[in-house]
Structure formats: structure tokens, C-alpha cells
Amino acid sequence: MDALERYEPILDDYEAFLAACERPLPSVVRVNGIKATPERVTDAFDAEGVEWESREWNENVLEIEGKPGNTWPSFHGWTHGQEEVSSIPAFVLDPEPGERVLDSCAAPGSKTTQLAALLDDDGLIVANDSNLGRLSALRFNTERLGVTCTAVTNQDARNFSLKPFDFESFDAALVDVPCSCEGTIRKNPTALDDWSLDHIEGVAGVQKGILRRAVQATREGGKVVYSTCTFAPEENEAVLDHVLARENCRLVEYDIGLRSEPGLTEWHGDDYDESIRKAKRFYPHHNDTGGFFCAKLEVGA
Amino acid sequence: MTDESRNEKSSAEPTNDGQRFDRLPVTAEEREVPGRASRREILDWWEERFGIEPKTFDGYSFWEKGKGKIWILRGDLDSPVRIEALGMTFLRTRQRHWKPTTNAAQRFGGLATRNVVHLDDQRARRFVHGEDQELDWDGDWGYLIVSHELAGGREPLGVGLYLHGELQSLVPKGRQRDI
């Protein structure tokens with residue numbers, strides 16, 4: 001946990017934050033609207049004797065007792081085990097049926113399948129990942145959840161090419177980048193074992209390239225959501241600041257019914273654009289979740 | 001055979017290219033790649049075998065990548081497409097009996113009115129565990145859609161192969177569960 005000490009000055013209650021990081025996460029599933037409704041899922045859980053509780057901020061997010069895998073709703077692809085904060089960015093992007101959406105770093109597909117449900121499986125999601133090995137998990141999940149609107153590509157998201165397709169831009173993009181994963185410590189207690197500032201700075205360079213390319217590939221007026229599962233400002237606010245200065249886009253406000261803190265405008269002597277306050281930081285002790293960062297951008301004038 | 005004559009042969013008769021997705025021809029008359037199923041044949045097969053109306057698939061396009069592996073995509077794109085995956089794997093053709101995928105059966109099998117075998121809870125659990133079981137079934141032999149009752153409705157579990165009084169579970173290893 002030493003890696004988290006540097007966040008003490010920006011946290012309201014550092015002791016509560018550390019205590020939350022040491023507790024295991026509740027078991028949470030997302031209802032897959034392509035195959036089921038929350039009512040059918042909860043009826044099936046009731047019949048199996050699986051206890052559940054809806055999350056107040058979203059009826060499609062359910063906390064359940066025990067492991068989510070061996071239940072009828074899971075077998076049928078009615079539900080998908082997905083950490084609560086991991087469902088934030090797709091809800092924030094909120095694409096409309098018929099739209100074309102780029103998912104820059106899509107594997108293993110939790111957010112891709114969630115985007116597909118928000119599109120009512122009607123539109124096109126280009127689900128890209130640079131790691132060929134992880135694409136099999138992505139494909140397994142999209143197919144299990146009954147998604148038919150995805151095109152899976154294997155490219156470096158920093159120079160993503162639209163060449164395989166017959167269109168020139170996306171209506172929206174989800175940029176959920178590889179990161180130092182500090183916010184996943186409750187799920188994976190070894191997440192911080194390889195922590196180093198060098199790693200954070202290296203991955204931040206990749207994140208900047210991925211976000212810039214996604215903004216470029218999105219039409220004027222289109223939306224881009226940037227997210228990480230880490231607390232590091234170098235990978236969050238600093239990346240946004242870098243991209244805002246170089247690409248035609250701006251931060252926009254969004255609402256999500258979870259407690260959050262605004263994006264930072266200063267970190268270790270660096271100042272960031274004031275608009276970055278519109279980004280949100282989600283801390284483990286505020287909603288009993290993992291840690292997360294999410295920002296919404298609009299492309300063009 | 002010389003290199004030249006081999007090239008001549010390949011340009012004369014297009015074959016399936018495992019590196020790309022090609023949209024299926026609409027009808028057999030438009031077929032260029034020998035052995036490739038047409039959209040019409042796919043729609044007719046689902047209607048004949050399972051009673052699923054062709055209009056169910058109005059908003060979808062069908063593609064082949066991998067010999068006989070048919071994929072279903074919501075919407076359409078220019079053909080061919082050189083990418084990793086497109087929509088959902090849907091059906092295996094180029095074999096004597098066509099076989100739907102488990103995922104296609106789960107997604108579209110709820111609309112089936114023929115060749116559907118309905119299992120009670122205990123048998124449904126054995127089926128998704130991957131077990132073969134004796135079953136009295138007086139319908140057709142071959143690939144069936146297997147369903148059970150869940151949350152007030154009939155829900156397809158996947159594909160079974162019925163032969164000689166036995167229902168074989170074709171739920172792939174990675175999808176099998178001990179519920």
C-alpha cells in the first residue's frame with residue numbers, strides 16, 4: 001500500500017480510504033439488456049435462492065451473494081460479472097442505437113458488451129485491442145452476451161486505421177486505457193507489487209497517444225469518454241491536459257449517481273486546465289467500490 | 001503443376017480466403033466461391049429446421065471466414081473485411097448437416113417452433129454440464145435447439161444432437177457450468 005501514500009494530501013479521509021482498499025469487493029453483476037431485463041434476472045435469482053440487491057444509482061447493476069458464475073442468468077448471458085465502477089464509462093458515453101462507436105482498448109469486453117446493450121445491439125462497435133491473446137476473451141464475452149454488432153480489430157490504438165471499413169469517422173469513442181491499475185487493489189491484492197513512477201510515466205505516454213487518436217477518429221460533435229482504473233494524476237488529469245492542448249476537443253459535465261471528487265487542477269507542481277474539474281475521481285471508501293477515473297469530452301468547436 | 005498454372009486455376013475459380021470476411025451471395029445464382037452458402041439458403045434452412053421466419057434476419061448480413069464458418073452481423077459493411085471477428089459465429093456449413101452455434105441458438109432459438117426439445121430443471125442442469133442423456137423424443141433426429149423454463153418463459157440453452165434415443169450436449173467446454 002506504500003504506493004498509495006502519495007494520495008494522502010488529496011483525500012478527505014485517508015484512513016477510511018486505506019481501510020476500504022484492504023476489504024474485498026462485493027460481488028456485482030450487470031444485467032445484459034440484449035437478452036434480459038432486470039425483472040427477469042431477479043426472478044431467476046429468486047427462484048435459485050440467490051440473494052441480490054439493486055444498486056441505487058442504476059437498476060442494471062446488482063450486488064449478489066456468492067459467486068456470479070454458476071447461476072442460470074450467467075449461463076444464459078443475461079448477466080455479466082463486472083466491477084461496479086467499471087460500468088461507469090459506457091453509461092457516461094451513453095451511445096444511441098444506430099451509432100458507430102470505437103472501443104479503443106476493448107479486451108476482455110465488459111465495456112464493449114455494455115456499449116452493445118446501450119445500442120440495443122443496433123449500430124456498429126469497432127472493438128479494438130492491441131493484444132491478440134486477449135481478443136479470444138473479448139470474443140467469448142460478446143458472443144455469450146448475444147452481441148452481433150461488433151467488428152473486432154487487432155491494432156495499436158495509437159495509430160488506429162479505419163482502412164478495413166467503408167466509413168471515415170465514429171460518432172463516439174470509449175477510451176478505457178491500459179493503466180497502473182491502482183484502483184483494482186481490492187480485486188487483486190498484488191496490483192501494486194510492480195508499482196513504480198517510471199511505469200506510470202511510461203504508460204501515460206501510451207495513454208496520451210491512444211486518446212489523441214480516438215479524438216481524431218471521432219466526428220465533430222461526437223463524444224469521447226476517457227477512463228482508467230487508477231488514482232495517478234499522471235495517467236488521468238495530465239493525459240487530459242496534454243490532449244486538450246493538442247486536439248480539437250473540450251471537457252463536458254456528466255451525471256452519474258455515485259459519489260465522486262472533481263478532477264485535480266494541480267499535482268506535484270504542475271497546473272492543469274481548469275476544465276479538468278469536470279472529470280470525476282471515484283474512491284473505494286465513498287461508494288464501496290474499486291477506484292476509478294472518468295472524463296467525458298466533446299469533439300470539435 | 002507449375003506456379004503459373006496454379007495461379008491460373010486460382011484466378012479462374014475463387015476460393016474461400018481464411019484471412020478475410022466475405023459477405024454471402026444473396027442467392028445461389030450469384031455465388032462465385034464454390035461451396036459457399038447463400039443468404040437465401042441460410043434463411044430457408046432456419047425456417048425449415050426451426051420455423052424461424054426469414055424476416056427475423058432482415059437487419060443482418062451474413063459472412064464467411066474460415067471454411068464453412070458463417071458469421072452474423074447486425075447491419076452491413078463493404079465486403080470483404082480484413083479483421084479478426086465480425087458479429088457472432090452463427091452456423092457451420094460445408095458439412096452434411098448444418099450446425100448452429102450455441103450462442104446463435106441462445107440468441108435466436110427462442111423464436112424456434114420446430115425441433116426444440118424442452119428439458120426439466122434437472123435435465124437442463126445435466127445438459128449445461130456437458131452430459132449426454134437418454135431421452136424419449138419422437139421428432140427429427142439431428143441438431144435440436146434445447147430449452148428449459150426460466151423466470152416465466154422458455155429460454156434456449158444451446159444445441160443438442162439427438163441420435164438413437166440419446167441427447168448429446170454440444171455446449172462447448174468453455175461454456176459448460178455446474179449450476
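1. How many residues does the contact take from chain A and from chain B? The contact, meaning heavy atoms within 4.5 Å, takes 38 residues from chain A and 39 residues from chain B.

2. This is a predicted model, in which local features need pLDDT of at least 70 and side-chain atom pairs count only at pLDDT 80 or more, while totals for chains, interfaces and linings use all residues. Residues are numbered from 1 along each chain as its sequence is written, chains are lettered from A and ligands numbered from 1 in the order in which they are written, and side-chain values use heavy atoms, with hydrogens and water left out.

3. About 3,100 Å² is buried between chain A and chain B, and carbon and sulfur atoms give 56% of this area. Buried area is the accessible area (1.4 Å probe) that two parts lose on being put together, summed over both.

4. Three salt bridges are counted between the two chains; the term denotes a side-chain nitrogen of Lys or Arg within 4 Å of a carboxyl oxygen of Asp or Glu. One of them joins Arg74(B) to Asp122(A), with the closest N and O atoms 3.6 Å apart.

5. On the side of chain A that touches chain B, the elements giving two or more residues are α2 (38-48), α3 (72-75), α6 (132-144) and β7 (150-153). Helices (H or I, at least four residues) and strands (E, at least two) are DSSP runs, numbered from the N terminus. The most comes from α6(A), with six residues.

6. β7(A) also pairs with strand β4 (residues 85-86) of chain B, in the antiparallel sense and over two bridges. Two strands pair if DSSP finds at least two bridges between them. In this pairing Val152(A) stands opposite Ala85(B).

7. Within chain B, strand β10 (residues 153-163) is mostly covered, with nine of its 11 residues buried, that is, under 20% relative accessible area (1.4 Å probe, protein chains only). Strand β9 (residues 142-150) pairs with β10(B) in the antiparallel sense over nine bridges, and Ile145(B) stands opposite Val159(B). These strands form a hairpin with two residues between them, and Ala151(B) in the turn has a positive phi of about 50°.

8. β10(B) is also joined by four bridges to strand β11 (residues 166-169) of chain B, and the two run antiparallel. Here Leu161(B) has Gln168(B) as its bridge partner. A hairpin is formed by β10(B) and β11(B), with two residues between them; His164(B) in its turn has a positive phi of about 50°.

How values were computed:
Buried means under 20% relative accessible area, exposed over 50%, partly exposed in between (1.4 Å probe, protein chains only).
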